[in-house]
Amino acid sequence: MKFTRVLAVMLLLLIPYNLMADPVVYEYEPYTEEEFPIWVHELRRAESIFFGSFVLTFPVAALCYNIAAQYGMPTPSENYQQVLMQAAWAAGLSLLITGIDWIIGLADG
């Protein structure tokens, strides 16, 4: 009961502020070519490729890790350590993919 009263008071105090506020209208300006240096564009591309490929490499790394564990690879006993190991493998694969993309970009550019 006390929670509903507090919630009602908060809503009664906060709603009028939203109703009285002026709408903010932003004009979108696209970035220009000269606004950022080249290395920032390359870093942004590398970041996108790294985290984009991480989604794909994590299941592959987990599968490879489980296969290697079945064939006698020493594994940690704790579950969280196993997940961290799989994440490290996936990060390594994603870094490899990012590095290959960067090298291909150097060859094309």
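Predicted model: local features only at pLDDT ≥ 70, side-chain atom pairs only at ≥ 80, totals over all residues.
Local features need pLDDT of at least 70 and side-chain atom pairs count only at pLDDT 80 or more, while totals for chains, interfaces and linings use all residues. Residues are numbered from 1 along each chain as its sequence is written, and side-chain values use heavy atoms, with hydrogens and water left out.

Two salt bridges (a side-chain nitrogen of Lys or Arg within 4 Å of a carboxyl oxygen of Asp or Glu) are found in the whole structure. In one, Asp101 pairs with Arg45, the closest N and O atoms being 3.0 Å apart. Asp101 belongs to helix H3 and Arg45 to helix H2, so this pair ties together parts 56 residues apart in sequence; helices here are DSSP runs of H or I with at least four residues, numbered from the N terminus. Glu47 forms a salt bridge with Arg44, with 3.4 Å between the closest N and O atoms. Glu47 and Arg44 sit three residues apart in helix H2, about one helical turn.

Asp101 and Arg45 return in the lining of the largest pocket, alongside others including Trp102 and Ile49. Helix H3 gives the most to this lining, with seven residues. A pocket is an open set of points on a 1 Å grid over the protein atoms alone, where a 1.4 Å probe fits, with protein on both sides within 12 Å along at least five of seven lines; lining residues have an atom within 4 Å of a point.

Note on methods
Helix = DSSP H or I, 4+ residues; strand = E, 2+ residues; numbered from the N terminus.
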